[in-house]
Amino acid sequence: MSRDVTYDEDRSQIRTGTGPHVMANLRNPAIAALRTAGITNIAAANRHHARDSNRPLALLGII
């Protein structure tokens with residue numbers, strides 16, 4: 001699934017200056033971290049990790 005579909009980029013309100021580029025550069029490592037962990041369904045993983053703020057930190061080995 002593409003970043004556009006998963007993160008609904010077409011409806012983003014960030015449209016001016018470097019904002020869209022910055023957001024894409026933040027999303028890319030998030031997707032890469034999930035894929036490195038063996039996750040294939042990025043949208044489901046985003047929902048899973050959004051429910052508990054410790055999950056993304058644990059995925060990155062921070063906690």
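Student: What covers the buried residues of H2?

Tutor: In this predicted model, the cover over the buried residues of H2 includes H1, helix H3 (42-50) and H4. The residues concerned are Gly19, Ala24, Arg27, Ile31 and Leu34.

Student: How do you know that the buried residues of H2 line one face of the helix?

Tutor: Viewed down the axis of H2, the buried residues fall within an arc of 115°, and therefore they line one face. On the face turned away from that buried side, H2 carries the exposed residues His21, Leu26 and Thr36.

Student: How do you know that the span of H2 agrees with its number of residues?

Tutor: H2 has 18 residues, which at 1.5 Å a residue should span 26 Å. The end C-alpha atoms of H2 are 26 Å apart, so the two values agree. After H2 comes Gly38, with a positive phi near 90°.

Student: Why is Thr18 called exposed?

Tutor: The relative accessible area of Thr18 is 60%, and exposed means over 50%; Thr18 is therefore exposed. Thr18 is found in the loop between helix H1 (3-6) and helix H2 (19-36).

Student: What makes Ile63 exposed?

Tutor: Ile63 has a relative accessible area of 61%. The cut-off for exposed is over 50%, so Ile63 qualifies. Ile63 lies in the segment after helix H4 (54-59), and together with Leu57, Leu60 and Ile62 makes a nonpolar surface patch of about 400 Å².

Key:
Residues are numbered from 1 along each chain as its sequence is written. This is a predicted model: local features need pLDDT of at least 70, side-chain atom pairs count only at pLDDT 80 or more; totals for chains, interfaces and linings use all residues. Side-chain values use heavy atoms; hydrogens and water are left out. Patches are made of residues with over 30% relative accessible area and no salt bridge: like charges are joined within 9 Å, nonpolar side chains (Val, Leu, Ile, Met, Phe, Trp, Tyr) within 5 Å. Accessible areas come from the Shrake-Rupley method with a 1.4 Å probe; for residues, only the protein chains shown count as cover. A salt bridge is a side-chain nitrogen of Lys or Arg within 4 Å of a carboxyl oxygen of Asp or Glu. Helices (H or I, at least four residues) and strands (E, at least two) are DSSP runs, numbered from the N terminus. Buried means under 20% relative accessible area, exposed over 50%, partly exposed in between (1.4 Å probe, protein chains only). The expected span of a helix is 1.5 Å times one less than its number of residues. The arc is that of the directions from the helix axis to the C-beta atoms. Contact means heavy atoms within 4.5 Å.
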